[in-house]
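This briefing is for a reader new to the structure shown below. It takes up the chain as a whole, then one of its helices.

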Amino acid sequence: MDGFPRPRAAIRELELVVRAWELSASLHKWTEGAADEAIDQAEQILGKRFPPPLGAIYEMSYGIELLNGNLQIEPLFPADEETGLVNLSGKLREWGWPIPAEALVFGGDGSDSLLRCGFHGRVLMRRICPS
């Protein structure tokens, strides 16, 4: 599949995921990958460097809708009044969701399951409900 996005550097933990996304490409909506400057700016706003797999995902796409929208990875920055990676965790906390301070929410399934990681690099999909 020509032209399928790839991380700028090989990330072992993502190899099989990227291959699965490539094989099911017709089910996903990709945007152009984020520039290094945009990733750096998001990291500065959050005060932490992204775990390598998360940074690599944003190198591939600024935000993604996977599996016909059943799984979303937020864009780095919000558009209009929407959320983006840099403000999603804080907004969820404001709305009463029990998001730990060390967690970074970067997507979800459109219901009440969220994708989050800690800055130690482990990526989790967890059902987290508002209090």
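**Overview of the chain**

Residues 24 or more positions apart supply 49% of the chain's contacts that have a separation of 6 or more, a contact being heavy atoms within 4.5 Å. This is a predicted model, in which local features need pLDDT of at least 70 and side-chain atom pairs count only at pLDDT 80 or more, while totals for chains, interfaces and linings use all residues. Residues are numbered from 1 along each chain as its sequence is written, and side-chain values use heavy atoms, with hydrogens and water left out.

**Make-up and surface**

- The chain contains four helices and six strands; helices (H or I, at least four residues) and strands (E, at least two) are DSSP runs numbered from the N terminus.
- Along the sequence these elements follow the pattern α-β-α-α-β-β-α-β-β-β.
- Among the 131 residues of the chain, 45% count as buried, meaning under 20% relative accessible area, with exposed over 50% and partly exposed in between (1.4 Å probe, protein chains only).

**Helix H2**

- Helix H2 spans residues 36-46, and its buried residues are Ala38, Ile39, Ala42 and Glu43.
- Those buried residues line one face of H2, because they fall within an arc of 135° when seen down the helix axis; the arc is that of the directions from the axis to the C-beta atoms.
- Helix H3 (52-60) and helix H4 (85-94) are included in what covers the buried residues of H2.
- Exposed residues Glu37 and Gln44 sit on the face of H2 turned away from its buried side.
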